[in-house]
Amino acid sequence: MTYEEIQTQLDSVWKGWVVDDLIGEGSYGFVYRIHREEFGHIYESALKVITIPQSVSEYKAVLNEGMDEESAAAYFYSVVEQIVDELTLMSRLKGNTNIVSYEDHAIVPIEGKFGWNIYIRMELLMPLLDYFIDNTMSIRKVIQMGIDICSSLEVCQKYNIIHRDVKPENIFVTKLGNFKLGDFGIAKQMEKTTGNMSRRGTTNYMAPEVYKGESYGSTVDIYSLGLVLYRFLNNNRLPFLPTTNQLSHTDKEEAIIKRMSGTAVPTPCNARGRLGEIVVKACSYNSKDRYDSAADMKQALSSILYTVDETELIYPEGDSLTKPHTNKDKVEVVNPGDGIEGTATATYIEGSYSTIIEDENNEIVNDKNVPDGNKRKRFVIGFASLVVVATIVLLSALVFSSTTKVPNFIGLSLDEANKIVQEKQYRLTIDYTGEEYSDSYAKGKIISQSVPDGTTVKKGDSIQVIISRGAIIKVPDVAGIDKKDASLILDETGLVYNVTEDYSDTVPVNRVISQSISAESVVEEGTVINLVVSKGKEQVKIPDVTGLDIAEAEQIISDNGLECEITEEYNENTEKNVVISQNYKAGTMVDKGVTIILVKSLGNKPVTKSSTTGSKTKKSNDDDEVIWKDAD
């Protein structure tokens with residue numbers, strides 16, 4: 001599709017978005033940078049364009065599998081449906097820090113033809129390999145990449161998702177240097193449109209059980225991530241590949257055979273000690289020998305992550321690594337082989353070099369390893385072409401030798417600084433190198449730059465910047481203070497606070513009972529402190545226990561958080577040990593812990609009898625008359 005065709009369809013589905021340029025292409029589609037402007041602000045995004053089927057030849061290939069036209073149409077329609085399911089999944093994963101953010105999609109039938117164009121709008125990020133070409137590669141960054149991708153795989157496991165295609169091409173980097181995992185299932189569905197139903201995906205990072213068609217679980221993603229880390233820690237070579245710059249097809253085949261047959265993976269040459277153990281464990285042939293989960297591998301990697309300041313202590317010789325090869329690498333070969341003499345241009349494709357061999361007239365004489373889309377057109381360089389080339393070289397030299405003055409980035413965010421560089425075309429690279437505490441600049445703002453503003457430098461130079469972690473704050477003591485006053489104090493310090501309420505027998509209503517971080521502690525700006533504020537004494541309702549047995553009444557009083565005091569009296573109308581009355585009326589609200597006085601019945605009052613003498617009983621009457629009678 002041409003830019004004009006894409007722009008026309010883009011106008012119909014997402015009006016306002018403009019196609020800028022092509023930033024990537026692969027087996028399954030093209031990726032463009034797009035933007036839109038609104039109220040003076042420019043928003044950028046990545047647009048992935050996929051066509052189903054990709055060509056007439058793919059449609060015919062499916063027919064050759066034994067399908068008729070109706071079945072083929074239904075087949076491709078089902079592929080589109082499955083891609084929509086994958087996009088729905090991506091929308092559910094949106095918002096997770098280490099997963100490429102899906103924004104929107106549209107499916108447009110191709111006018112006048114059989115097929116569909118699928119437009120997927122996603123977060124605009126830098127591909128991993130491009131990032132490491134433009135930035136210093138270090139062991140610390142590789143460990144951080146492993147931690148970040150483990151975080152994304154943790155999310156996958158929560159949703160019972162197996163990514164199955166973890167590889168450098170599906171890892172991306174944010175402007176702040178964080179790593180994200182992308183391409184959730186789209187490639188797997190697109191494989192079905194190639195006419196090769198048995199295709200399993202890229203073998204370079206594939207787990208043995210997937211390669212052999214056996215049952216597998218989420219540890220296949222851990223295996224693939226282990227190989228990604230292995231490559232960057234092993235001079236850009238996967239296990240069992242020679243460490244020289246040139247690779248042959250045989251080298252690749254033999255390396256894969258060793259991996260798939262269970263040969264133990266050696267330790268990467270730049271991963272000594274614990275780091276080497278972690279990577280080799282992740283790359284174990286037997287899935288039971290790998291990490292059980294991404295969380296376990298993340299914990300192992302986190303335990304050995306070091307800071308920039310600790311680099312010299314841990315790696316006195318430095319922790320820089322070999323940069324990855326790109327498709328721009330060219331190697332001069334005196335004798336390319338096969339009886340052909342000429343110059344071989346090496347193109348890096350999916351982990352190895354393919355070669356295009358040109359004779360002295362620049363005619364292609366051997367291009368068997370290069371995909372059709374990458375074959376060079378045959379041409380003869382004449383005198384006019386030489387002049388053009390020389391002019392281009394001269395102009396390029398002038399451009400790259402030109403200078404520029406460094407602007408002032410202090411006080412700006414990293415995004416704001418990059419925007420200034422892009423808009424004013426300074427042709428400088430801003431390299432984020434770490435964070436430090438600052439009382440002068442808010443969190444996230446640049447506090448220093450390696451080259452002072454106004455300095456003249458070459459275009460293309462890198463300016464290292466340090467970002468503020470915010471101020472260091474001494475936590476105030478707000479215990480016992482009124483909630484409003486405590487809020488004002490914490491607002492001034494820059495601390496974030498959460499308030500919960502609880503009852504207190506000693507702290508008055510609306511005063512702070514406690515704080516989660518003790519006074520005088522030193523914390524970062526933005527730290528969250530939890531306050532517990534008093535609701536006063538807890539109120540309870542007086543239960544009605546009259547008429548109940550005293551033991552039962554005491555238990556009820558105690559269960560309601562009240563104290564109990566018991567008095568006794570005779571009562572001919574109430575059985576013994578039954579509550580006659582209580583000093584608080586039932587239903588009254590009182591403070592928890594109040595004492596309830598209960599009156600317990602002693603039963604009927606007993607009759608008083610006089611003493612006896614001999615066999616006679618003395619009894620008095622109102623007239624003090626003494627009567628003697630025989631005793632029974």
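How many aromatic pairs does the structure hold? In this predicted model, the count comes to 10. Let's start with one of them, Tyr131 and Phe179. Their ring centres sit 6.1 Å apart with the planes at 85°, so this pair is edge-to-face. It ties together distant parts of the chain: Tyr131 belongs to helix α4 (residues 128-134), while Phe179 is in strand β8 (residues 179-181), 48 residues apart. Both Tyr131 and Phe179 are buried.

Elsewhere, ring pairs join up into a cluster made of Tyr75, Phe76, Tyr77, Phe114 and Trp116. If you're colouring by ring contacts, pick out those residues together.

Rings also turn up with charges over them. The charged end of Arg36 is placed over the ring of Tyr43, 4.8 Å from the ring centre. Likewise, Arg121 lies over the face of Trp14, with 5.0 Å to the centre of that ring.

Now for the backbone. Ile52 and Pro53 are joined by a cis peptide bond, with omega at about -15°. As for its place in the fold, Pro53 lies in the loop that runs between β3 (41-52) and α2 (56-64).

Two non-glycine residues with positive phi are worth a look as well. Asn160 has phi near 55° and is found in the loop between α5 (139-158) and β7 (171-173). With a relative accessibility of 73%, over the 50% cut-off, Asn160 counts as exposed. For Glu520, phi is near 80°, and this residue lies in the loop between β19 (512-515) and β20 (522-524). Glu520 counts as exposed too, because its relative accessibility is 54%.

Technical notes. Residues numbered from 1 in each chain as written. Predicted model: local features only at pLDDT ≥ 70, side-chain atom pairs only at ≥ 80, totals over all residues. Heavy atoms only, no water. Helix = DSSP H or I, 4+ residues; strand = E, 2+ residues; numbered from the N terminus. Buried < 20%, exposed > 50% of the residue type's maximum accessible area, 1.4 Å probe, protein only. Phe/Tyr/Trp six-rings, centres within 6.5 Å; stacked < 30°, edge-to-face > 60°. Lys NZ or Arg CZ within 6 Å of the ring centre and 35° of its normal.
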